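Student: Hi! I've just opened this one and could use a hand finding my way around. Can we look at it together?

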Amino acid sequence: MTNQLQQIDRKGLLVKPEQYLQDKSQLPPHITLQEYRLLREAIYKFWENKKKFSNNYQLIANRDVLFVDYLWETGGRVGDVVNLTLSN
């Protein structure tokens with residue numbers, strides 16, 4: 001077996017990623033590490049400003065940051081992550 005990255009298609013056959021992706025322009029847009037860090041900070045700042053409306057603002061901010069962290073770490077799409085259930 002070669003050292004090239006390979007993945008299994010839906011039929012269970014090994015295929016090269018190049019068969020799915022012709023060039024990088026086909027990739028969806030993504031954020032940089034700096035943008036990711038700024039997004040996390042913005043969430044905390046947003047909820048800090050809303051603390052007069054909720055006693056649980058810190059828990060809500062942590063929930064939102066956890067969601068962003070999960071998206072970042074897994075590379076998941078928002079729609080896929082939102083639809084996750086315990087049986088997944």
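Student: Is Y36 buried or exposed?

Tutor: Y36 is buried, at a relative accessible area of 10%. Buried means under 20% relative accessible area, exposed means over 50%, and partly exposed is in between, using a 1.4 Å probe and protein chains only. Keep in mind that this is a predicted model, where local features need pLDDT of at least 70 and side-chain atom pairs count only at pLDDT 80 or more, while totals for chains, interfaces and linings use all residues. Residues are numbered from 1 along each chain as its sequence is written, and side-chain values use heavy atoms, with hydrogens and water left out.

Student: Got it. Which residues are buried in α1?

Tutor: In α1 the buried ones are Y36, I43 and W47. Viewed down the axis of α1, its buried residues fall within an arc of 15°, so they line one face of the helix. That arc is taken from the directions from the helix axis to the C-beta atoms. As for the name, helices (H or I, at least four residues) are DSSP runs, numbered from the N terminus.

Student: What do the buried residues of α1 pack against?

Tutor: They pack against α2, residues 57-74. Contact here means heavy atoms within 4.5 Å.

Student: And what does the face turned away from the buried side of α1 carry?

Tutor: That face carries the exposed residues K45 and N49.

Student: New topic: how many aromatic pairs are there in the whole structure?

Tutor: A search finds two. In one, the ring centres of Y36 and W72 are 4.4 Å apart with the planes at 10°, so the pair is stacked. Rings of Phe, Tyr and Trp (its six-membered ring) pair if their centres lie within 6.5 Å; planes under 30 degrees apart count as stacked, over 60 as edge-to-face and the rest as tilted.

Student: Where do Y36 and W72 sit in the chain?

Tutor: Y36 is in helix α1 and W72 in helix α2, 36 residues apart, so this pair links distant parts of the chain. W72 is partly exposed, at 31% relative accessibility.

Student: Which residues form the edge-to-face pair?

Tutor: F46 and W47 do, at 5.1 Å centre to centre with 85° between the planes. F46 is partly exposed at 41% relative accessibility, whereas W47 is buried at 18%.

Student: Last one: where is A42 found?

Tutor: A42 is in helix α1, residues 33-49. A42 is partly exposed, with a relative accessible area of 40%.

Notes
Helices (H or I, at least four residues) and strands (E, at least two) are DSSP runs, numbered from the N terminus.
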